[in-house]
Amino acid sequence: MTRECAVLLPGVCAALADPRQPGLDDTCLEKLLDWFRSLTWFDPTVELVQDNPCLTELLSSVLALPDASPGILSFTLQLAGILASSESRFQHLQQEKLLGRLFGPEGPRGGAAWEDASVRSAWLKGVHSMLHHLPALHCLCSTGGMDVIFTLQGDPSLFVASAASQLLVHMLTFSLESETSKALSTKDCDWPGCAQMIVEHIKESLQSSSAPHIEQSLKLLSSLFGSCFGSCYAAWTEVLWLDIAKQIESFLLEETVQAQPLLANLLLNVARSPAFCGTEGSFWTLVTSALEHLTPVQAGPLAVGLLKLCKCPQDVRIQALTVLLQPMDCVLRAASQPLECAGLLDESVSDPATVESLLSSKTSCASLLCQTLTHLEKLLSLKHLRVDLPCVSLLHSLMTILQFCNGFLSPTSPLGSTISRNLINCFRVQKSALDVLAALSEKKECDTLIGNLFDVLLAYLQSPNTSPTVLKKTFQATSKWLVHLQELSSSNSQWPQTEKILEDVLVVLQKRLCSPCWEVRDSSLEFLTSMVKCLRDQKEFRQCLLSSEVLRLTENLLEDPESYVRASAVTAVGHLAPIACFAPESPVTGNQYNKESIVAKLQEILSTDSEGFPRRAVISIFTKWLREGCTGQLEDTEQFVSRVIQTVEHDLDWEVRLGGLELVEVFCSQTICQLSQCPYAPVSSAVPSPTPQNELLQVFCRAKLFGFLFGSLCDCDKPVGQRACDVLVGLRGHFYPMSTLENPQEIEDSPAGRGIAWLQRTLRQGSLAQNFPVDADVGVDFQDPESMMLALGAIDLLELHDELNKSSDHVEESPQSLLQDILAAVGTIEDNEVDCY
């Protein structure tokens, strides 16, 4: 603790203990506790409380208050726990008889304050902080603290109940870590004292007839096995499991027990423990029993979790996959009678009638399918799935679900008719099914169904009943399958079928680009951009695209009344332009879609659009074009960059200005590569600069880069200043090796040198933006190559870089400032002594 803080602390403690003072903001108290945590973490000695007796006086004073506020009492409990986290300070506070009065029976837990949930929560947090040494553990166990924690497990406040559960996990782990003195034998073992109390409590609760107690213990067990206990104490994990396995099995078989939903999470956490690495044993038998007896909704999370485990036995893994596929199988079998294609499953894990009953219910049908589809999407995203998915049948089932949802399939079976009625226009199921459909595009075995698949997708794209959110998902799935289709046609020479599909998609797209709904126009533009990104190198795609009306309609949307649509149109046009008007062989004729008109329209948006989204999109596209070399020869590019940065430097949107700096960075990099003999070799200023260096400076000055860069250093938005500084540091690294920087003292006598010295001072004050442009006698000519060479060599850009990267709270959030703010809040110091933040 610094001397300044030690001087302020007594006043703060006195103010906290004074009932006449107004209550402090909870944020200040939390920050104060955080400070004490950091102090005690780095210094476990007793000196903190001995050298600052005001701390123990604060604890005593709060205890003496007849009706301390819940806020100050909560703070005191947590502070006491933090101070008692080391054994030496714990013993000191015990001698002062403070800990018993705070955490024992005579403390708040026996009074009216205990009715406040924040006090109960603070008591648990204080105990948790304190339990880092055995004396604290033994003291708690001997004063009835364990019973309090067990009771708080069922607290009506979820925060309190959760804190109690976390504390018990910590206590059990700490007890094993600190109190176990002999090697463990699973046949003959004794839990250490505190751990024994917790384990016995769990077993008694599981065997009780109280559903809440059973639920609390199952939650505690899940937390235990899911924590480091399950990973670091494999032998003890096995012992604990053997103690409770029979009881858990009985819960699975008793369908009336309300605890069943918690069993899946418990079994999955146990399965992750190293104690059950083997593929043999009663545990996995119990897992298969759970997959059979839990409802499909309860078993789903367990099944998908097991499939992600690398050590799960293969037979259990197959059973888990069967659980997930059973609803999909049921849908497929219900779609037609007799069955036109094979189902997903040869046999079921649980009674198929259960799944059929859930799918027949209006309330449960969508929920079950959404859960199943979400799990399947997760599995398809895994790189290594250790079980084979029946992808073709799964795709059949997905298409069936999507056709049920839009009413395009009329099943003849009674079950199919019921499912179809339940799913009609169900947006939730449509979105989930389309997500899985998109994920299946990576699977090669689905190629035989690709024609039928596009029939389903096109039906959704064409239907006026498709909601905007479902349409967006349909576009995303279509984009992925178009890429797969392109790969397929390239390898099998089946271009005529592919061309027909592309033409159909583009016809639908043209219609959607004219939709009265702005969300549909926006999604259509995003889909177009995605297609161009993926298929731009395919000659056939370009021909289909350029012969359609898509280009004209997209350009029209640059003037859309909705800013999101204008921004998406800018992005789409930006990706189309290299195909339509920048490429030498562009076949677009007879319209105005040409390079000059497109660039002019985007520059107009950049300078005049009232919304930030379109302007950000324009600067992003301009940077993309520059990277891809779409802006022509060096002279054309120089003029292009100069016009852009003169527009964006005055933009009110900091993200646009930041985009301008990214454009400048790309331009500098490309120009250096074009004009320098070796782009990575710095050039010494001790010898005359070679021609490429002079030419570089002239190009940068003509483009007016330096005025933009130095002006951006003082931007009111820090990310802009940081990026500008990064670019200037990079330029200096090219023009100057570190050993040959200019000496500011030597150059200050020249007129240019005086301007550079002024610039250095102005930048340190962060005021260039306010002083630019400057008077001629003290200013800097940012278009003069010699001045800019001096500026790069003389100005301490690294110092500026460090300043710009400092956190804004490096002074204001110091402990001293916090203590001053607290004293100011209670009115004990003058305003001018405070550093408020």
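How far is the sulfur of C13 from the closest cysteine sulfur, and in which residue does that sulfur sit? Select C13 and C54 and have a look. The sulfur of C13 is 3.9 Å from the one in C54, its closest cysteine sulfur, and that is too far for a bond. A disulfide needs the two sulfur atoms within 2.5 Å, and the count comes to zero disulfides. While you're here, check the cover on C13: this residue is buried, with a relative accessible area of 5%. Keep in mind that you're looking at a predicted model.

**Zoom out**

Now show the whole protein chain as a cartoon. You'll find 43 helices and zero strands. Of the chain's 837 residues, 53% count as buried. As for how the chain folds back on itself, take the contacts between residues at least 6 apart in sequence: 70% of them join residues at least 24 apart.

**Into the core**

Next, select W123, M171, W241, L306, F700, F706 and F710. These residues touch the most other members of the largest nonpolar core, which has 281 residues. In soluble globular proteins, nonpolar side chains tend to be buried together.

Stay on F706 and show what surrounds it. Beyond its neighbours within four places in sequence, F706 is in contact with several residues, including L697, F700, L728, F782 and L792. Then colour helix α37, residues 705-712. Is this helix mostly covered or mostly uncovered? Mostly covered: seven of its eight residues are buried. F706 and F710 are among those buried residues, along with L705, G707, F708, L709 and S712.

W518 belongs to helix α28, which covers residues 518-535. With a relative accessible area of 30%, W518 is partly exposed.

**Salt bridges**

Time for some charges. Side chains of opposite charge can pair when their charged atoms come close. The whole structure holds 24 salt bridges, and here are a few to click through.

Start with E215 and K219, whose side chains meet in a salt bridge at 3.3 Å, N to O. Why do these two line up? They are four residues apart in helix α13 (residues 211-226), so about one helical turn separates E215 and K219. An α-helix has 3.6 residues a turn, so residues three or four places apart point the same way. E215 is partly exposed at 34% relative accessible area, and K219 is partly exposed too, at 42%.

Now return to helix α28 and select R521 with D560. Their side chains form a salt bridge at 2.8 Å, N to O. This pair links distant parts of the chain: D560 is in the loop between α30 (550-556) and α31 (563-582), while R521 is in helix α28, 39 residues apart. Are D560 and R521 buried or exposed? Both are buried.

Then try E655 and R616, where the closest N and O atoms are 3.6 Å apart. This bridge also connects distant parts of the chain, with E655 in helix α35 (residues 654-675) and R616 in helix α33 (residues 612-627). E655 is partly exposed at 34% relative accessibility, and R616 is partly exposed at 28%.

For the last stop, select E200, K203 and D243. Salt bridges with shared partners join these three into one network.

Conventions: Residues are numbered from 1 along each chain as its sequence is written. This is a predicted model: local features need pLDDT of at least 70, side-chain atom pairs count only at pLDDT 80 or more; totals for chains, interfaces and linings use all residues. Side-chain values use heavy atoms; hydrogens and water are left out. Buried means under 20% relative accessible area, exposed over 50%, partly exposed in between (1.4 Å probe, protein chains only). A nonpolar core is a set of buried Ala, Val, Leu, Ile, Met, Phe, Trp, Tyr and Cys residues joined through side-chain atoms within 4.5 Å. Contact means heavy atoms within 4.5 Å. Helices (H or I, at least four residues) and strands (E, at least two) are DSSP runs, numbered from the N terminus. A salt bridge is a side-chain nitrogen of Lys or Arg within 4 Å of a carboxyl oxygen of Asp or Glu.
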